[in-house]
Amino acid sequence: MKKVVIFNGSPRMDGNTSTILQMIERGAKEHHAEVKNYTLFKLRFMACQGCFACRMQDDCLVNDELSKAMEEVKTADAIVIGSPIYFMQVNGMVKNLYDRFFPLIGQDGTPRYGEKKIVTVYTQDNEDPNMFSMYFDYLAAVFPGFGFVDEQRIVCVKGNDPESAENNHALKNHAYRVGQSLA
């Protein structure tokens with residue numbers, strides 16, 4: 001059984017990012033994957049402290065509500081991360097999550113916990129799904145160090161309309177199929 005860990009970086013529990021992530025989760029679960037789901041805005045966690053303790057040992061010294069999720073990431077087969085785009089970039093919660101992934105990179109720059117598929121979900125108001133592609137590629141450049149490979153990217157446009165994902169049946173079907181592919 002494949003294990004999928006989903007991180008929802010949206011503060012809106014019923015918004016577009018959540019809708020897409022729910023479809024990915026449904027696709028994975030209905031095809032027998034074990035799914036762990038974390039909503040970053042419900043977790044109390046600190047940003048990376050830059051202490052480099054994870055360079056001396058295999059783990060982060062910060063012990064907070066994100067620590068359990070990080071343990072799940074280590075043994076996962078796939079990671080899914082969703083974020084709305086604020087001011088042309090992922091929001092602060094997702095940026096903090098990426099920083100906290102630093103212990104996944106070994107001292108030699110290779111992944112400590114093997115390779116995992118990665119799915120990124122971005123919701124943006126801009127109607128051009130490629131508007132921020134260069135930024136998304138920039139973010140994805142660090143993924144191989146974490147062990148995140150074979151990125152699949154889903155971009156939902158018209159994100160200021162809280163129903164744009166819900167009303168886009170092709171997008172929801174695609175998200176479901178992506179979840180299915182992770183199982």
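One cut-off before I start: when I say buried, I mean under 20% relative accessible area. And keep in mind that this is a predicted model.

So, let's take strand E3 (78-86). How many of the residues of E3 are buried? It's 8 of the 9, so E3 is largely enclosed by the rest of the structure.

Now, who sits beside it? E1 pairs with E3 in the parallel sense, over 5 bridges, and there Phe7 has Ile81 in E3 as its bridge partner. E5 also pairs with E3 in the parallel sense, this time over 7 bridges, with Ile79 standing opposite Ile118 in E5. Then there's E4, which runs antiparallel to E3 and is joined to it by 2 bridges; Tyr86 has Gln89 in E4 as its bridge partner.

Going back to E1, which is residues 3-8, that strand pairs with E2 as well, parallel, over 6 bridges. Lys3 stands opposite Glu34 in E2. To get from E1 to E2, the chain goes through helix H1 (residues 16-29), and that β-α-β crossover is right-handed.

Next, backbone angles. Most residues other than glycine have a negative phi. E3 and E4 make a hairpin with 2 residues between them, and Phe87 in the turn has a positive phi of about 50°. Is Phe87 buried or exposed? Exposed, with a relative accessible area of 78%. The other one is Phe52, with a positive phi of about 65°. You'll find Phe52 in the loop between strand E2 (34-39) and helix H2 (53-56), and at 47% relative accessibility it counts as partly exposed.

Last topic, the rings. The count comes to 13 aromatic pairs. One of them is Phe101 with Phe146, edge-to-face, 5.4 Å centre to centre with 70° between the planes. That pair links distant parts of the chain, 45 residues apart: Phe101 is in the loop between helix H4 (92-100) and strand E5 (116-123), while Phe146 is in helix H6 (residues 143-146). Both Phe101 and Phe146 are buried.

Those two also belong to one aromatic cluster, along with Phe7, Tyr38, Tyr98, Phe143 and Phe148.

Conventions:
Residues numbered from 1 in each chain as written. Predicted model: local features only at pLDDT ≥ 70, side-chain atom pairs only at ≥ 80, totals over all residues. Heavy atoms only, no water. Phe/Tyr/Trp six-rings, centres within 6.5 Å; stacked < 30°, edge-to-face > 60°. Helix = DSSP H or I, 4+ residues; strand = E, 2+ residues; numbered from the N terminus. Buried < 20%, exposed > 50% of the residue type's maximum accessible area, 1.4 Å probe, protein only. Pairing = 2+ DSSP bridges. Right-handed = clockwise from strand over helix to strand, strands pointing away.
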